[in-house]
Amino acid sequence: MTILTLAKGLNEGLRRAMEDDPKVVIMGEDVGKLGGVFRVTDGLQKDFGEDRVIDTPLAESGIVGTAIGLAMRGFRPVCEIQFDGFVFPAFDQIVTQLAKMHNRSAGNVPMPVTIRIPFGGGIGAVEHHSESPEALFCHTAGLKVVACSNSVDAYFMVQQAIAADDPVIFFEPKRRYWEKADVDTARTPDALHTARVIRPGADVTVLAYGPMVKTAMDAATAAEADGHDLEVIDLRTLSPLDMTTVLDSVRHTGRCVVVHEAPGNVGLGAEVAARVTEDAFYSLEAPVLRVTGFDTPYPASRLEEDYLPDLDRVLDAVDRSLAF
Amino acid sequence: MGIGDSFVTAGDLDAERLTTINPDPESVQLLTPEGERVEHPDYEISLSDAEYCGLYRDLVMVRRIDVEATALQRQGELGIWASLLGQEAAQVGSGRAMAPDDMAFPTYREHGVAWCRDVDPLVLLGLFRGTNLGGWDPRAHNFGLYTIVIGSQTLHATGYAMGIQRDGGENAVIAYFGDGASSQGDVNEAFVYAAVYNAPVIFFCQNNQWAISEPLDRQTRIPLYRRASGFGFPGVRVDGNDVLAVYAVTKAALDDARSGQGPRLIEAYTYRMGAHTTSDDPTRYRLAAELEAWRLKDPLERMRSFLYKQQLAEKSFFDDLDAEADDLARNLRRACREMPDPRPLEMFAHAYSDTPPLLAEQRDRFGTYLGSFAEEVAR
């Protein structure tokens, strides 16, 4: 066992992927000497060289567009987008090319490209540095979308994403980069596209992913004092969703609260609510409730504590669910 | 002063355009529009008689496929067709300059390059008929899939070239694009990436003067080939209707790229003789006189004159070629009409390399739903 921060877990996962497969290349802005603005790629260029850890020009469409070409040549590019709000110059390449290439080619051209995006707020940043755009990618057929929430998943999931033959949008909870956990690198990880029950409970299912997993766990601890037994699920995979794990849980709790930082309107919570309603209607004791960011642009950072779901807002939703 | 007084009139613009299509002294030419061989200090070409005849055959076949496809669209067999009429020399010259291992990334109009890369014309028709989205294996032909979002493929080509630099390949890449695409951010980003990494990629711009209805002066204030110097690599303009010049210039550029000299920009100065696609009506925005001026520069006619004047081919060669082209067109027409529609559940097959459980569930439900109609009919 080694104690690693989430950022270091990613770093070790990337290192392992590069050792295992010489076709893995990392590309992005400042990923080389600097090691990325969050130091996730720290030391990799020194050990693997400039041809495999590529400092790119400051042009995100170029990062993803050239990654597509590298993938066609047999490489497994891992692109770093520096911040969530900067992915949009690359959005065209991701949606019109990366997501569609395998289908367009009738299966002849795999697209093993991983796009790492630090996402979410809570770090007091200026505009465009705190967003949660995951639903945009989940809505795009041809992409797979995952979010890690802790050091162990960071280490394993990034390797699994890189090994996948489909494009994976890999969301990293930037405000949790410095959270630590024991990582047993020798264990066998769960499959990439599975959710995980991280706290069993009987009363309400609370679904979260990325940075909100810790918030949900804190809420579950607090709820104990009120005599409520929450079951917390880390969704981990946002597209495709692992509805088997979700439905199993909701069928025994009868109640479901979905938590995310992204705005509620047409977000992951809406999709989960619709599916739970379709497939577990008779198990539900209450409507599926959502605790999300508001349907506004992300606010100035002095307001972000009001914007972001926190322990109390989760508990408020739990109470509303139990009151039905 | 009236509202329109400060504007140049449409008539003035058209007159100005007619002067800009006069022979450009900076443009590389090896064959005049009359079919006379001329020399150029930097580029030479020396092919066998059979190779000259082969280039002419390519031009004829490619045009015949294009004419047939336009007819098939008019008859309702294709949803749309993007004609390459007038651009045959730019495509055949560059396509034949490639070595087998070189990789090409096309737009959606590179039917002539597809021909050079042995892509079955029927598969191309399938895309425009709506039976596939591309569907050929890029690796089998070293020819990428048609790309409809303007300019996207130039970045793919650059990335592919960066891959060649990393795996020790000795090949080079051609990125095809048009004058309209030169305004796209992706094309400019591709120039930056290719330049800073010194990637072995040739940016081959077919300047056909029109981006649907927008003339070249809506894309640029300087000749496009000169854009390259701002990015730090050489650019050259070639007479795009001269198959020999295009061949020579492209071959030299590919050789340079393969030997580690980095990217090149080639501007093939040509003209889109047809509409943008079969859905377009160019009479709304351009004059017939412009078309007539370019008709005198036809890429097939000048090569035909060259073969005659140099006595490289007998009359029987031309007769046989016409018969071969007609045969190809006849077979293509028949095969196109017989091309089956894909089956509904096939749309689920390649969305991912595997089919995720929820998608499989959606597919199966739809299959059951479709099946219910058959049951109803049986009842």
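Author: In this predicted model, helix α7 (residues 152-167) of chain B and helix α8 (residues 185-197) of chain B have axes that come within 7 Å. They cross at roughly 15 degrees. Angles under 35 degrees count as roughly parallel, so α7(B) and α8(B) are roughly parallel to each other. Their crossing is left-handed.

Now the residues. From α7(B), the contact uses Ser152(B), Thr154(B), Leu155(B), Thr158(B), Ala161(B), Met162(B) and Gln165(B). From α8(B) come Asp186(B), Val187(B), Glu189(B), Ala190(B), Tyr193(B), Ala194(B) and Tyr197(B). Sorted by class, the contact of α7(B) with α8(B) has eight nonpolar residues, four polar and two charged.

Next, chain A. Its domain assignment gives domain 1 (2-183) and domain 2 (196-323). The centres of domain 1 and domain 2 of chain A, taken over C-alpha atoms, are separated by 26 Å. In chain A, 23 residues of domain 1 are in contact with 21 residues of domain 2.

Look at the domain 1 side of that contact. In chain A, α6 (134-138), β6 (144-147) and β7 (168-173) each supply at least two residues to the side of domain 1 that touches domain 2. β6(A) gives the most to this side, with four residues. By class, the side of domain 1 of chain A that touches domain 2 of chain A has 10 nonpolar, seven polar and six charged residues.

Conventions:
Residues numbered from 1 in each chain as written. Chains lettered and ligands numbered in written order. Predicted model: local features only at pLDDT ≥ 70, side-chain atom pairs only at ≥ 80, totals over all residues. Axes fitted to C-alpha atoms, helices over the stretch in contact; angles between N-to-C directions. Parallel < 35°, antiparallel > 145°, perpendicular 65-115°, else oblique. Left-handed = near helix turned anticlockwise from the far one by under 90°. Contact = placed C-beta atoms within 7 Å. Nonpolar A, V, L, I, M, F, W, Y, C, P; charged D, E, K, R; others polar. Domains from an automatic or database assignment.
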